[in-house]
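Please consider the structure shown below. The briefing that accompanies it is arranged by topic.

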Amino acid sequence: MFVGHYSVAFAIKSDKNRIPLWVLFVAVQFLDYIWATLVLLGIEKLRVIKGFTAGSMLDSYYHPYSHSLVAALIWSALAALVYKKFWQTKASNGAALLVALAVFSHWILDFIAHPRDLAIYDNTWKVGLGLWNYRGLEFGLEVALLAGGIVLYVARNTISAARQKAVIGFGLALVIVQIGDTFVPRTPLSDRATAMGVWIFYTLFVVVAYLLERTRRREF
Ligand SMILES: [Zn+2]
């Protein structure tokens, strides 16, 4: 799962909870940020194999600290704690819970896409429904989720017509990125280059999410 993760960020954000969209963009990919960092440090292991699954080249055979179910629950709780206690101290418990949910949603969506490489705890009891084995279907799910999230975002946030267009344009750009990732053949990158790519692309999307809402403040 790649851009589909952002559907949750779009779907959660509302005028009521006022969690910045960029924070939710970090939250829904938080586990992958930890994963990419640990791969760069040589602690978690990744093989990039052409044709490993129809929709992804990633063989994440060792990622217990970022992607086991127990780790995902701990990271989710920790994210909510940091959000509420150390950063947005005026945030409601509900908003902190939504941040935790955003972090945990990553595991659920990965569970749908990944081919039995997600451990329940440590590196054992691996699960994953393996939708990545069905390239078109997995791509369809990513795009459908993203579209649904953006529809909710536009419906639940007071935004100008110009910003609506910008949000939809961003959504289309994410779909194009997903098309490139799913369908365009390429030579596999090294594990470290893949991890660097995760950091660069995800952070680029976070910056766009930030800019989308910054424009909004200027408009009103
Ligand atoms: Zn992941």
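This is a predicted model: local features need pLDDT of at least 70, side-chain atom pairs count only at pLDDT 80 or more; totals for chains, interfaces and linings use all residues.

Residues are numbered from 1 along each chain as its sequence is written, and side-chain values use heavy atoms, with hydrogens and water left out.

**The zinc site**

- The zinc ion has Asp32 (OD), His67 (NE2), His106 (NE2) and Asp110 (OD) as its protein donors, lying 2.1 to 2.2 Å from it. Donors are N, O and S atoms within 2.8 Å of the metal (3.2 Å for Na, K and Ca); water is not among the atoms, so sites may look incomplete.
- Along the chain, these donors follow the spacing D-x34-H-x38-H-x3-D.
- His67 in helix H4 (residues 64-67) and His106 in helix H6 (residues 93-113) are 39 residues apart and link distant parts of the chain. Helices (H or I, at least four residues) are DSSP runs, numbered from the N terminus.
- Both His67 and His106 are buried. Buried means under 20% relative accessible area, exposed over 50%, and partly exposed in between (1.4 Å probe, protein chains only).

**Aromatic pairs**

- The structure holds 20 aromatic pairs. Rings of Phe, Tyr and Trp (its six-membered ring) pair if their centres lie within 6.5 Å; planes under 30 degrees apart count as stacked, over 60 as edge-to-face and the rest as tilted.
- Tyr6 and Phe205 form an edge-to-face pair, with 5.7 Å centre to centre and 85° between the planes. Because Tyr6 lies in helix H1 and Phe205 in helix H9 (residues 191-219), the pair ties together parts that are 199 residues apart in sequence.
- Tyr6 counts as buried because its relative accessibility is 0%, and Phe205 is buried with a relative accessible area of 5%.
- The pair of Phe30 and Trp75 is edge-to-face because the ring centres are 6.0 Å apart and the planes lie at 80°.
- Phe30 is partly exposed, with a relative accessible area of 26%, and Trp75 counts as partly exposed at 23% relative accessibility.

**Ser7**

- Ser7 lies in helix H1 (residues 5-12) and counts as buried because its relative accessibility is 5%.
- Ser7 touches Leu145, Leu146 and Gly149, not counting residues up to four places away in sequence; contact means heavy atoms within 4.5 Å.

Definitions and conventions: Helices (H or I, at least four residues) and strands (E, at least two) are DSSP runs, numbered from the N terminus.
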